[in-house]
Amino acid sequence: MRYLMLVLSTPADPELRAEDAEGAPPIEGWVEKYYGSGTAVLGDRLRPPGDAVGVRVRGGRTLVTDGPFSETKEAIGGFDVIDAPDLDTAITIASEHPMAHGGAIELRPFWPLDLEGAGAAAADGGA
């Protein structure tokens, strides 16, 4: 199963780096271990919340708003997509990420769309 790891940092301390947190492993080791084995399949850093743009369509009009959008204690600083056999394994992988020591990791399991099944149901008249 695939999981999205949201790598969270604290906006009150945007300069906090995982390697500065006591006991945090170096990010290079985590990347080598999990990207090298194919367990982590995609990831990157994200620009700060102030660079975000919200997009909504209302009444046929596209509305664009500049971020940040909410007052939170943490902001998404990056992400990784991992492929793990179960939640316990995903938790272990997340706990080894340096930002688990200097910020936080939020794990979200993927909920794949069944586009083939939806197309087949539409072709059958929804039955």
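Colleague: What makes lysine 33 and glutamate 96 a salt bridge?

Modeller: This is a predicted model, so every value is computed from it. The side chains of lysine 33 and glutamate 96 meet at 3.0 Å, N to O. The cut-off is a Lys or Arg side-chain nitrogen within 4 Å of an Asp or Glu carboxyl oxygen, so the pair qualifies. Lysine 33 lies in helix H1 and glutamate 96 in the loop between H2 and H3, so the pair ties together parts that are 63 residues apart in sequence.

Colleague: Why is glutamate 96 called partly exposed?

Modeller: Its relative accessible area is 27%. Buried means under 20% and exposed means over 50%, so glutamate 96 falls in between. Lysine 33, at 46%, is also partly exposed.

Colleague: And histidine 97, buried or exposed?

Modeller: Buried. Histidine 97 has 5% relative accessibility, and the limit is under 20%, so the label holds. Histidine 97 sits in the loop between helix H2 and helix H3. Leaving aside neighbours within four places in sequence, its contacts include Met5, Trp30 and Asp80.

Colleague: How do you know that arginine 47 is exposed?

Modeller: Arginine 47 has a relative accessible area of 64%. Exposed means over 50%, so arginine 47 passes. Arginine 47 also forms a salt bridge with aspartate 51, with the closest N and O atoms 3.0 Å apart. Aspartate 51, at 44%, counts as partly exposed.

Colleague: Why does valine 55 count as exposed?

Modeller: Its relative accessibility is 58%, and the cut-off is over 50%, so valine 55 is exposed. Valine 55 is in strand E3. With Val53 and Val64, Val55 makes a nonpolar surface patch of about 280 Å².

Methods: Residues numbered from 1 in each chain as written. Predicted model: local features only at pLDDT ≥ 70, side-chain atom pairs only at ≥ 80, totals over all residues. Heavy atoms only, no water. Helix = DSSP H or I, 4+ residues; strand = E, 2+ residues; numbered from the N terminus. Buried < 20%, exposed > 50% of the residue type's maximum accessible area, 1.4 Å probe, protein only. Contact = heavy atoms within 4.5 Å. Patch = residues over 30% accessible without salt bridge, like charges linked within 9 Å, V, L, I, M, F, W, Y side chains within 5 Å. Areas by Shrake-Rupley, 256 points an atom, 1.4 Å probe, with all protein chains shown as cover.
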